[in-house]
Amino acid sequence: MTNIAEARIRREFKEVVKSDEVAACNIKVELVNDTFNELRGEIAGPPDTPYAGGQFHLEIKIPETYPFNPPIVKFLTKIWHPNISSVTGAICLDILKDQWAAAMTLRTVLLSLQALLAAAEPDDPQDAVVAQQYKENHSIFEKTARHWTAVYAGGPKSYPDLDSKILSLKTMGFEEHQARAALSSKGWDLERATEYLIN
Amino acid sequence: MGNCLKSPNTDDISLLRGSDAGPEVSSEQSANMGPPPPYQESIPIYHPSPNVSRPANQLTEEEQIKIAQRLGLINHLPTGVFDGTSKKAKECCICMEEFLLGDMLRFLPCMHTYHKDCIDDWLMRSFICPSCLEPVDAALLTTYETS
């Protein structure tokens, strides 16, 4: 890693650690190793969204050419959101691609991701299935996103009706996450989800 | 065309290397060294667009023109040495280091100031101010029109 990248991450790390947002438990950054090329981020789900009450973990990789190129960020916590892959955690956000600017920082990236959770852009999707549900069946989308937040990010809301559908697929021999993903993408229609899993 | 893009100091480096290997090498050592390494000139890497890195000799003609124009435009942007008198510009927000007396600076038309090396590296990838996202060429043209 070139000196400029490491020196900047050192400074930014301090900046995030003493920022107001950390005091308010909104964002957090941790080092993974002492070479400063990989970090773990954490953002709180914004209030009044299906992600409220959840803590979302991020993998942050710093390229050698940082800050001339953006950090490579993906969600480690599974999440149901039109601009984040429900399978891989890959993120579709302009500032992590062609709209990156060298004056942006880890702090602005984490805050932008938090803003993305509060304002999805379904017309520029990363996960087409989620985006379609967001646009065509918004109440199911919100319920599913809340359920995923509760299961994977420690959110508060539980839905016994959804849990029982997952349980019935589990008794058929399907793995829990596989069952949840299939039901989520099929609008919690047990029959269609079963069909999808069998094929 | 390709020759315009070679960095001006590559020749100096090769001369230095040549003088190092000069008279001190004994005949015994040179016998073990085998044939001299093939002539290598380090080829500068350019970034025709932000996520593309290519050696100068693999650029398309279009990219070469773009880069040559870019180099020309960058050279039109004023530079200076940090003398501590400016109250506004205190740190370079690319490397996040404070300006030190004697640092070479470059001033953008939007009035943002950076280390010359830092901003030149950025401008070769993206011709916008990293702080305010103002396109630098648009601002350059306006300054020409008003002056």
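B:Met96 lies in the loop between strand 3 (79–81) and strand 4 (104–107) of chain B, where helices (H or I, at least four residues) and strands (E, at least two) are DSSP runs numbered from the N terminus. The model is predicted, so that local features need pLDDT of at least 70 and side-chain atom pairs count only at pLDDT 80 or more, whereas totals for chains, interfaces and linings use all residues. Residues are numbered from 1 along each chain as its sequence is written, chains are lettered from A and ligands numbered from 1 in the order in which they are written, and side-chain values use heavy atoms, with hydrogens and water left out.

The phi of B:Met96 is near 60°, a positive value in a residue other than glycine. Most residues other than glycine have a negative phi, and most peptide bonds are trans. B:Met96 is buried, with a relative accessible area of 9%; buried here means under 20% relative accessible area, exposed over 50%, and partly exposed in between (1.4 Å probe, protein chains only).

Chain B and chain A meet in a contact, defined by heavy atoms within 4.5 Å, that takes 14 residues from chain B and 15 residues from chain A. The area buried between the two chains is about 1,300 Å², of which carbon and sulfur atoms give 63%, buried area being the accessible area (1.4 Å probe) that two parts lose on being put together, summed over both. Of the area that chain B buries against chain A, B:Ile94, B:Met96 and B:Trp122 supply 42%, more than any other three residues.

Between the chains there is 1 salt bridge, that is, a side-chain nitrogen of Lys or Arg within 4 Å of a carboxyl oxygen of Asp or Glu; it joins the side chains of A:Arg11 and B:Glu97 (3.0 Å, N to O). The side of chain B that touches chain A comprises 9 nonpolar, 2 polar and 3 charged residues, with Ala, Val, Leu, Ile, Met, Phe, Trp, Tyr, Cys and Pro counted as nonpolar, Asp, Glu, Lys and Arg as charged, and the others, Gly among them, as polar.

Where pLDDT is low, the predicted coordinates should not be read in detail.

Chain A has 8 helices and 4 strands, which follow the pattern α-α-β-β-β-β-α-α-α-α-α-α along the sequence, and 47% of its 199 residues count as buried. The buried residues of helix 7 of chain A are A:His177, A:Ala179, A:Arg180, A:Ala182, A:Leu183 and A:Ser184, and what covers them includes helix 4 (128–136), helix 5 (138–153), helix 6 (160–171) and helix 8 of chain A. Just after helix 7, A:Gly187 takes a positive phi of about 60°. A:Trp188, in the loop between helix 7 (176–185) and helix 8 (190–198) of chain A, has a phi near 60°, a positive value in a residue other than glycine, and counts as buried at 4% relative accessibility. Elsewhere in chain A, the peptide bond from A:Tyr66 to A:Pro67 is cis, with omega near 0°, and A:Pro67 is found in the loop between strand 3 (55–61) and strand 4 (72–75).
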